[in-house]
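Trainee: I've got a new model up on screen. Walk me through it, please.

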Amino acid sequence: MNYSKKASLDITLREFLSVILSEEEADEAKDHTLSLDFFRKLSAIGYSYYELLSIYASIGTFSVDDLIVLASGLPTPAMHLTVNEKNIRQCISRWTASRYHTAPINQVVKQIEYLLLSGDPGISTFNSNLNLKNQRAVNDRYVLLILPQEKYLIDINRRLIYDFITS
């Protein structure tokens, strides 16, 4: 792996991990060994699982083994729900009318339902107001983490995890 980006030693942890993840993502082998090692170590020393997951979820593709590592630190889910639009919408406590959201709430709910029912392993992020021009704007971020046997919707801001059952 060639880390071509030069970074100052004063960058934030978020910026540092973003550089590592971006470089790994650009690598044809899509090897996330270094960043996942950081994930394990940062979790072990007490960094917020939710904040770490929020950073990692913003980067594209992970293998099933990588997703299992990301799910390994999951706190206990708040609720176990069956997959339907009503239950999914119940998990999304606030969604702004901002033009900076991922999509209108009804489309987001349908997309989450589709992803949960398809069962394809992956990680997706949904933002209620990702306004890059105004960093103080409240953005509720939701991460959908799908493993072969488990499916989670994670409310990053409220630190809540919902476990979805499809069968």
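Mentor: Start with Y49, which counts as buried because its relative accessibility is 8%. Buried means under 20% relative accessible area, exposed over 50% and partly exposed in between, using a 1.4 Å probe and protein chains only. This is a predicted model, so local features need pLDDT of at least 70 and side-chain atom pairs pLDDT 80 or more, while totals for chains, interfaces and linings use all residues. Residues are numbered from 1 along each chain as its sequence is written, and side-chain values use heavy atoms, with hydrogens and water left out.

Trainee: And Y50, buried or exposed?

Mentor: Y50 has 10% relative accessibility, so it counts as buried.

Trainee: How many aromatic pairs are there in the whole structure?

Mentor: The search turns up 5. Y49 and Y50 have ring centres 5.9 Å apart and planes at 80 degrees, so that pair is edge-to-face. W95 and Y142 make a tilted pair, because their centres are 6.2 Å apart and their planes at 35 degrees. The W95–Y142 pair links distant parts of the chain, 47 residues apart: W95 is in the loop between α5 (85–91) and α6 (105–118), Y142 in strand β3 (residues 141–146). For the cut-offs, rings of Phe, Tyr and Trp (its six-membered ring) pair with centres within 6.5 Å; planes under 30 degrees apart are stacked, over 60 edge-to-face, the rest tilted. Helices (H or I, at least four residues) and strands (E, at least two) are DSSP runs, numbered from the N terminus.

Trainee: Which residues form one aromatic cluster?

Mentor: F39, Y49, Y50 and Y56.

Trainee: Switching to helices: why is α3 largely enclosed by the rest of the structure?

Mentor: Because 8 of its 9 residues are buried. Among them are L52, L53 and I55.

Trainee: Which residues make the contact of α1 with α3?

Mentor: α1 (residues 13–26) and α3 (residues 49–57) have axes that come within 10 Å and cross at roughly 40 degrees. R14, L17, S18 and L21 of α1 meet L52, S54, I55 and Y56 of α3. Axes are lines fitted to C-alpha atoms over the stretch in contact, with angles from 0 to 180 degrees between N-to-C directions, and contact means heavy atoms within 4.5 Å.

Trainee: Last one: where is D155 found?

Mentor: D155 is in strand β4 (residues 151–155). D155 counts as buried because its relative accessibility is 0%. Leaving out residues up to four places away in sequence, D155 touches Y50, C91, S93, R141, Y142 and L160. A polar atom of the D155 side chain also lies 3.1 Å from the backbone nitrogen of R158.

Methods
Polar contact = N/O pair within 3.5 Å; in protein donor to acceptor, adjacent residues only side chain to side chain.
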